[in-house]
Amino acid sequence: MKLVGKLVGLFRVAADLTQAQLADRAAVQVETIASIEQGRRTLLPDLARRLDALLDTKGALETAVDNMPEVDLIPAWAETFIDLEREALALSFYENQVLPGLLQREDYARAVFGSRVPAFSEDEIDTQVATRLARQSILRSSIPPSVSFIIAEAVLLDRLGGDEVRRNAVRHLRQCSTLPGITIQIMPVGRQSHAALDGPFVLLETPDHQHLGYAETQRGSQLISDPDEVSILSQRYAMLRTQALNAEDTTGLLDRMLGD
């Protein structure tokens, strides 16, 4: 990533452009160009092609990106995704194990991190919980992203943390469903077909209108930028939305769970 970033900076200077000028011509934010040049953000294939055309570099950047080691193309853990999440225009979550981090109360988050094997120390749990709660500020920002959540009903039937934590989680979910720009749908149990049997995933749209996917495994994570792979996840998410309860029926289900 650092080597590719240095190449972008070298080619930009050779073309007698500032970062702001290159960003404007590439229709991206100047921070995007700065982060790429500093090696803090991966240069994605579609932007590499645009920069090659703008800088007349004869495919050098696209070739570099295509031959980057997998460890650079697919970050090992979630830091890159969290940075992208903070800036995203739109986010779509499918979750079948726990509530998405953006919808977790503190007590629920503590139950999640307290379940880890091997166990976190109390200080580590405090740090993880604080970081998770800080991420949720994007839902209440002055210009919030458009966010869609599809959550398996089994997540809400589980008693992670105990009955009180579960009830608080359902009540919090009901409250979040009224926030601007947020849609919550529950995938009911007992279905005879399901579009995402391979597990949970996230779709996001960056300020540069790049569409990415993200998926976590037991010991790592994968940021997905290949357009064909992102298209597959988008098709699955579209099907999930038709299989899940709509927003109004989801609200009714949450109210029934709360006894309201």
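In which loop is Thr 206 found? Thr 206 sits in the loop between strand S4 (201–205) and strand S5 (211–217); helices (H or I, at least four residues) and strands (E, at least two) are DSSP runs, numbered from the N terminus. Before we go further, please note that this is a predicted model, in which local features need pLDDT of at least 70 and side-chain atom pairs count only at pLDDT 80 or more, while totals for chains, interfaces and linings use all residues. Residues are numbered from 1 along each chain as its sequence is written, and side-chain values use heavy atoms, with hydrogens and water left out.

Is Thr 206 buried or exposed? Thr 206 is buried, with a relative accessible area of 4%; here, buried means under 20% relative accessible area, exposed over 50%, and partly exposed in between (1.4 Å probe, protein chains only). Leaving aside neighbours within four places in sequence, Thr 206 is in contact with Leu 84, Leu 89 and Leu 212, where contact means heavy atoms within 4.5 Å. The chain also brings Ala 90 to this spot: 116 residues separate Thr 206 and Ala 90 along the chain, yet their C-alpha atoms are 7.4 Å apart.

## The whole protein

Now zoom out. The protein has 260 residues, and 43% of them count as buried. Its secondary structure consists of 13 helices and six strands. Taken along the principal axes, the C-alpha atoms fill a box of roughly 65 × 40 × 35 Å.

Look at contacts between residues at least 6 apart in sequence: 70% of them join residues at least 24 apart. As for charge, there are 26 positive and 37 negative side chains, and the centres of the two sets lie 3 Å apart. In this count, Lys and Arg are positive and Asp and Glu negative, with His and the chain ends not counted; the place of a charge is NZ of Lys, CZ of Arg, CG of Asp or CD of Glu.

## Two nonpolar cores

A nonpolar core is a set of buried Ala, Val, Leu, Ile, Met, Phe, Trp, Tyr and Cys residues joined through side-chain atoms within 4.5 Å. The largest one here has 36 residues, and Phe 149, Ile 151 and Leu 173 have the most contacts inside it. Helix H11 (residues 163–176) gives the most to this core, with five residues. A second, separate core has 17 residues, including Val 4, Val 8, Ala 23 and Ile 33.

Let us pick out Ile 151. Leaving aside neighbours within four places in sequence, its contacts include Glu 95, Leu 99, Leu 173 and Met 187.

Which residues of helix H2 (residues 19–26) are buried? They are Leu 22, Ala 23 and Ala 26. Seen down the axis of H2, these buried residues fall within an arc of 100 degrees, so they line one face of the helix; the arc is that of the directions from the helix axis to the C-beta atoms. On the other side of H2, Asp 24 and Arg 25 are exposed. The cover over the buried residues of H2 includes helix H1 (2–14), helix H3 (30–37) and helix H4 (45–55).

H3 is mostly covered, with six of its eight residues buried. The buried residues of H3 pack against H1, H2 and H4. In H4, the buried residues are Pro 45, Leu 47, Ala 48, Leu 51, Asp 52 and Leu 55. Seen down the axis of H4, they fall within an arc of 155 degrees, so they line one face of the helix. Their packing partners are H1, H2, H3 and helix H5 (60–66).

## Backbone details in the loops

The loop between H4 and H5 holds Asp 56 and also Lys 58. Asp 56 has a positive phi of about 55 degrees although it is not a glycine, and Lys 58 likewise has a positive phi, near 55 degrees. Asp 56 counts as exposed at 56% relative accessibility, and Lys 58 counts as exposed at 74%.

Where does a cis peptide bond occur? It joins Val 117 and Pro 118, with omega about 0 degrees. Pro 118 lies in the loop between helix H8 (106–114) and helix H9 (122–135).
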